[in-house]
Amino acid sequence: MESTMSELYTLAIFHKFQDELFQILGDMVKMTHEDEHYRFYTIERAKVSGARVRNLLVNKSSEHVSCSCKMFEFDGIPCRHLLAYFNRMQILDLPHELILARWTKSAKIKTVVNDVGGSVQQICDTSVFERRNKLFKLASSIIDDTVLTEDGSELLEEALCSVRNKLCAMNLGSEGGQLSVSASHVSIPCEHIFKEPLQVRAKGCGKRLKGEKEKAVKKSRHCNGCGLTGQSHDKRNCPKLRNISSQDVTMSDDEDDEEADDGDDVDNECKCLWYIYVYFFSCSCLFFLVLMLLHIRVAG
């Protein structure tokens with residue numbers, strides 16, 4: 001089953017299918033009961049406590065299998081419960097009803113559009129692209145073998161001319177050059193160009209969304225500094241506030257100078273008082289020293 005689905009599914013979908021296929025080893029399939037039309041199975045993990053039990057319903061007449069997890073209905077990929085049931089029943093190929101065409105490699109190839117641009121036609125048996133690639137490979141190998149010799153090239157040219165004549169005779173109708181209905185030409189659909197959707201700002205992204213009329217109305221600028229409206233300045237560069245600030249700076253400088261002068265005067269007064277104190281202290285010390293010397297001389 002794995003090798004078959006690797007050829008049908010695209011690479012991304014096959015990896016998801018492979019992940020589900022690897023998990024069937026730990027599942028246990030048990031048939032609970034059956035009636036006239038259905039068989040009921042339960043699937044649970046082996047040696048896993050608290051694991052969720054899934055239910056399978058099998059139709060006896062159509063052999064249609066459905067699981068309670070509904071993974072196939074949501075993702076379009078068979079779940080591991082269905083694959084575990086197929087493994088127990090030794091069903092080697094996945095049922096066709098469980099293979100969605102949109103996940104296969106030939107999903108886009110099998111849909112073509114006619115020249116007129118009418119209804120979409122489905123090619124059920126084999127794809128035009130598959131037949132075209134097969135013929136290209138065959139023709140390329142034949143040309144590589146025959147181009148080396150002149151006789152082989154002539155033989156191939158004669159065979160191709162004969163095949164072309166037979167195809168023309170087969171495709172031409174009785175009305176002189178009209179193609180038959182069974183051999184109607186099917187062309188490759190042109191590439192569709194889709195425009196990008198309009199960008200919509202999400203809720204709570206920042207500023208309020210404004211309409212075209214609101215954007216067209218130009219509001220006059222109002223300065224909160226001088227209180228004028230319609231000016232080219234605001235509070236940050238208002239000339240009135242600049243003048244006031246410059247005057248404040250000048251006044252503050254003058255006050256600083258006055259405070260500095262007052263401080264110098266106070267310092268000078270403190271120094272004078274300190275010098276006077278030192279002078280009187282030194283004089284008193286000298287006076288007491290003279291008295292002590294006189295007292296010693298008189299006592300001696």
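Predicted model: local features only at pLDDT ≥ 70, side-chain atom pairs only at ≥ 80, totals over all residues.

Two strands count as paired here if DSSP finds at least two bridges between them. With that in hand, start with strand β3, residues 54–59, which is joined to β4 by three bridges, the two running antiparallel.

β3 and β4 make a hairpin with five residues between them. In that turn, glutamate 63 has a positive phi of about 60°.

Next, look at how β3 is joined to β2. Six bridges link β2 to β3, again in an antiparallel arrangement. Here tyrosine 41 has leucine 56 of β3 as its bridge partner.

Step back to see the whole sheet. It is open and made of four strands, in the order β1-β2-β3-β4, with antiparallel pairing. β1 (27–34) and β4 (65–67) are at the edges with a single partner strand each, so one side of each has no neighbour in the sheet. From one strand to the next, the twist averages 25°.

Finally, bring in a helix. α4, residues 80–88, lies across β1, β2 (38–45), β3 and β4. The helix α4 runs at about 80° to β1.

Methods. Residues numbered from 1 in each chain as written. Heavy atoms only, no water. Axes fitted to C-alpha atoms, helices over the stretch in contact; angles between N-to-C directions. Contact = heavy atoms within 4.5 Å.
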